[in-house]
Structures are given as structure tokens and as C-alpha cells.
Amino acid sequence: PPTEIPPTEEPTVEPTPAWEAPEGALVALPVTEAPTLDGLADDAIWADAPAITIETENGANESNTEVTLKAVYDDEMVYFVASWADPTESFFRSPWVKNDDGSWTLMVDPEDQGGDNNLYYEDKLAFIWPIANSMPGFEDRGCAVACHEGEDPKPYGNKYTKEEGQMGDIWHWKSVRNLSQIDDQYLDWTQYSEETKEAGRHSDPKDSGGYADNATEDKTLPAFMGPEGYPTDGSPGYILESEAVAFDDALFAAGDYIPAIIKSIIVGDRGDISAEWQWADGVWTLEFSRKLVTGSEYDVQFDDLTAVYNFGVATFDNAQVRHAYQDGVSMLVFQPAQ
């Protein structure tokens, strides 16, 4: 009789385990349509995105608050929305005021001992991301690994990394000085000196634009004013460069204010984070986006969508440097597209 050939056994195929995010991580969902950046966060996309809440504490002006974050991404971009409680919209950032004798002075915080204005300032939000995982300990301590509190001559200390080659990407939103963008900055190992007053904090390179002080060369008067009918109560805290006109002292009375900031869109590396924001009913809502991969040496690159990206958050309530900060670290992960 013919030899029977035993049936071939089909190889066992193990099912692919379902993707799971690390506990507590901010999960960026894949999307095919970008959300509209308008500071309203009312796109249906955001309703579907999971949120995390980050508590910040120990800031000036009772700025302890909770920041709620969501994220989505597509083939090229990553999008975020952040919201946090802040009872006041702070735009009165050291404006010019006309005195009774006709002179002009800048409003200053009498307690400011140098770069430490907590009275006439603006609201801000900041993120730090290690670049290429080059900040040892960040995954446990977050931003604290770069903080050097009480370091002279600054009353609030300095920020810089421990060793050469360690760098972080800073996303520093400024409610008055930014225009449809978040200020893209970076952190390195530079320590304080008279030449490097910002220590490790630096702005990414730019081609043009940004913000500048509204002052004459001798800094005794504002150089510009807003267009006709511009408010004289100091709001909205800035003058658009595109609308600025030469200062005419005769148009102002004692007690009138002129913003001390002129601003425009940043062109270049420093301006690669687009954003829009709204303050309403005691809450800031900030929507922003950036390319997953910018190619800049000063940026974190989201070039591996299977990786975990650590970050830290700080909130500033009308404070120049005395921010409330996160105790620990948060994680961003990208949920795989189906």
C-alpha cells in the first residue's frame, strides 16, 4: 500500500499583544485631520483624546494649579492642548505710565531685586524635554535636575545642566510677548557669569521677528504707541509691530499707560511651535503644534514613535521666574496607528 504522508501541522501563531501605554502617560492619538489652533479646543478630535492632569506647586502669587494635557499626531505634526486655572489674565507687564509732571516711567515691582518681577508681569507656561535622553536623572526628578536654587547673584537661582553635552528643549509660552507661537528655547551646561546672565537658558536661533522693549535709545520714553484709539489702560500688554506708530506725547494725559513690548511673528528655528490661546472664566486654554522631527540640534526629536519621551511642566502666574513646578516627571507616548 502507498505510504501515508502525515498531515502538515500549521505553525502556531502567537497573537500580537495589544498595545498598552505606560501608566499615567500622556497618550498622543493618531489622527488624519489636524485640529484647528484657536485656543478654544472645541474640535471633536480633542473630545476623543485621553487627558492627564499635572499638579504644579510652590510658585509665586499662589500659582499652584493643575494643568490638563491632551495630544494627537499625524504623519508630520504633533498637536497639544493645555488648560489650567488662573483667576486673572495678567497683561500689565511693566507698562509705561505718564506722570503728573509729564515724564514717563516704567511700572516696576518694588520688591524686584533683579529679574524677579512678581507684580507687573505676564502669565506663562513652560515645558522641558531632554534632548536625546542627555539629562541623567530627568526620568526620575524631572526639571529639578537642572535647578540650582539660591545661587548668587539671582534671588531664585539658575538653571543649567550638570555636564557638557547635556541639553534640554524648552517650550516657553509667554502670554504677552508671544504672537501665535511658543518661544522655542534650549538648556545647556553654561553656568552664570556677567557675560552669560541667563546661565544655561538660551533662545533657539532666529532669522527675524520676536519681541523687543518699546523704549527710546536713552530709555526715558516709549518709542512707539498703538494706532488711533488704542487703549490707554495698558491692555492688551503689547503693540503689534505691524500696527506701531511713532510716539506722540501730546495725545496722552497723566495716568495713561503704553505697553512696553513690541512684538511680531518669529521667523526661524525659534518660531517653529505654532500656538493660539484664550483666557476665559479663570482658565487658560493653549493649543500648540510642532513638527515631529525638526532636524534642529536644539529640539527634542519625536523620531521614534515607539519611544517614551519624558517632560516636565511649570506654570507662572504673573511671575518672571518664580514658577510653580511639577514634582517629578511626565511621559509622552504615541499610540500606534491601526
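This is a predicted model: local features need pLDDT of at least 70, side-chain atom pairs count only at pLDDT 80 or more; totals for chains, interfaces and linings use all residues.
Leaving aside neighbours within four places in sequence, Trp279 is in contact with Asp86, Pro87, Thr88, Glu89 and Trp284, where contact means heavy atoms within 4.5 Å. Trp279 belongs to strand E19 (residues 274-280), strands (E, at least two residues) and helices (H or I, at least four) being DSSP runs numbered from the N terminus. With a relative accessibility of 27%, Trp279 counts as partly exposed; the classes are buried for under 20% relative accessible area, exposed for over 50% and partly exposed in between, with a 1.4 Å probe and protein chains only.

Residues are numbered from 1 along each chain as its sequence is written, and side-chain values use heavy atoms, with hydrogens and water left out.

The protein has two helices and 23 strands, and its C-alpha atoms fill a box of roughly 120 × 45 × 35 Å along the principal axes. Of its 338 residues, 46% are buried, and among the contacts with a separation of 6 or more, 67% are accounted for by residues 24 or more positions apart.

Ser83, in strand E4, is partly exposed at 23% relative accessibility. Not counting residues up to four places away in sequence, Ser83 touches Glu66, Val67, Thr68, Val283, Trp284 and Thr285; the C-alpha atoms of Ser83 and Thr68 are 5.3 Å apart, for a separation of 15 residues in sequence. Val27, by contrast, is buried, with a relative accessible area of 10%, and has its place in strand E1 (residues 26-30). Beyond residues up to four places away in sequence, Val27 touches Trp19, Ala21, Pro50, Ala71, Val333 and Gln335, and its C-alpha atom is separated by 6.7 Å from that of Pro50, 23 residues apart along the chain.

The structure holds 25 aromatic pairs, a pair being rings of Phe, Tyr and Trp (its six-membered ring) with centres within 6.5 Å, counted as stacked when the planes are under 30 degrees apart, edge-to-face when over 60 and tilted for the rest. Phe80 and Trp129 form a tilted pair, with 6.3 Å from centre to centre and 55° between the planes. Because Phe80 lies in strand E4 (residues 77-85) and Trp129 in strand E7 (residues 124-130), this pair ties together parts that are 49 residues apart in sequence. Phe80 is buried at a relative accessible area of 2%, and Trp129 is buried at 1% relative accessibility. Both belong to a cluster linked by ring pairs, which also includes Tyr73, Phe127, Trp171, Phe288, Phe302, Tyr309, Phe311 and Phe334.

Charged side chains also meet rings: Lys124 lies over the face of Phe316, at 4.4 Å from the ring centre, and Arg177 lies over the face of Tyr211, at 5.0 Å from the ring centre. For such a placement, NZ of Lys or CZ of Arg is within 6 Å of the ring centre and within 35 degrees of the ring normal.

Two loops carry cis peptide bonds. The bond from Asp152 to Pro153 is cis, with omega near 0°, and Pro153 is found in the loop between E8 and E9. A cis bond also joins Ser235 and Pro236, with omega about 0°, and Pro236 has its place in the loop between strand E14 (224-225) and strand E15 (239-240). Most residues other than glycine have a negative phi, and most peptide bonds are trans. Ala132 has a positive phi near 55° and lies in the loop between E7 and helix H2 (138-141), where Asn133 is also placed; the phi of Asn133 is likewise positive, near 55°. Ala132 counts as exposed at 71% relative accessibility, and Asn133 counts as exposed at 65%.
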